[in-house]
Amino acid sequence: MPFRDFTAEAAERARERDPIEFTLGGVRLRGRDILPFGAVLDLADAPNEKDDVAGAMRAFIRFFEEVVVDDQTHLVEEAVRGSDFYERHDIIPWLSGEYAGRPTHPSSGSAVSPLPDGRASS
């Protein structure tokens, strides 16, 4: 019978990467080695900020409580309350890219390739 241990493979990949650390609202936080997929699902189910600001912020806080290491969960609400719109807007795609192992934008040293017709891509 075929068998594959996806949990063990994910844990091994996580051990091979550098820890994920970030600041939010001036608070330095460290992410878990593996992002619980439930945190992503909960965030996807969160209410739209335009319709329910309080509900959206509670979902954002819950997401980060699941992202950070256990001994930092008590810092999350302070971090979210101290963050501004741009931090909150940028951090989810950045974290997603880091956990996926593929940053969401090229590094500063990346060369930009021309389009097939020779024009610059920017």
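## Salt bridges

Asp70 and Arg32 join their side chains in a salt bridge, 2.7 Å from N to O (a Lys or Arg side-chain nitrogen within 4 Å of an Asp or Glu carboxyl oxygen). This pair ties together distant parts of the chain, 38 residues apart: Asp70 sits in the loop between α3 (53–67) and α4 (76–82), and Arg32 in the loop between β2 (27–30) and α2. Helices here are DSSP runs of H or I with at least four residues, strands are E runs of at least two, and both are numbered from the N terminus. Asp70 is exposed at 55% relative accessible area, while Arg32 is partly exposed at 24% (buried is under 20%, exposed over 50%, partly exposed in between, with a 1.4 Å probe and protein chains only).

The count comes to five salt bridges by this rule. Among them is Glu21 with Arg28, whose closest N and O atoms are 2.5 Å apart; Glu21 is partly exposed at 35% and Arg28 exposed at 55%. Another one links Glu9 and Arg4 at 2.9 Å, N to O, with Glu9 partly exposed at 28% relative accessibility.

## What the model is

This is a predicted model, so local features need pLDDT of at least 70 and side-chain atom pairs count only at pLDDT 80 or more, whereas totals for chains, interfaces and linings use all residues. Residues are numbered from 1 along each chain as its sequence is written, and side-chain values use heavy atoms, with hydrogens and water left out.

## A nonpolar patch

Over on the surface, Phe37, Val40 and Leu41 make a nonpolar patch with about 280 Å² of accessible area together. Patch members have over 30% relative accessible area and no salt bridge, with nonpolar side chains (Val, Leu, Ile, Met, Phe, Trp, Tyr) joined within 5 Å and like charges within 9 Å. The areas are Shrake-Rupley values with a 1.4 Å probe, and for residues only the protein chains shown count as cover. Leu41 belongs to helix α2 (residues 37–44) and is partly exposed, at 44%.

## The largest pocket

The largest pocket has a volume of about 280 Å³. A pocket is an open set of points on a 1 Å grid where a 1.4 Å probe fits, with protein on both sides within 12 Å along at least five of seven lines; lining residues have an atom within 4 Å of a point. Points are joined across faces, edges and corners, and the volume is the space filled by probe spheres set on them.

Helix α5 gives the largest share of the lining, four residues, and α3 and α5 (85–100) each supply at least two. The lining includes Met57, Phe60, Phe85, Arg88 and His89. By type, it splits into eight nonpolar, one polar and two charged residues (Ala, Val, Leu, Ile, Met, Phe, Trp, Tyr, Cys and Pro are nonpolar; Asp, Glu, Lys and Arg charged; the others, Gly among them, polar).
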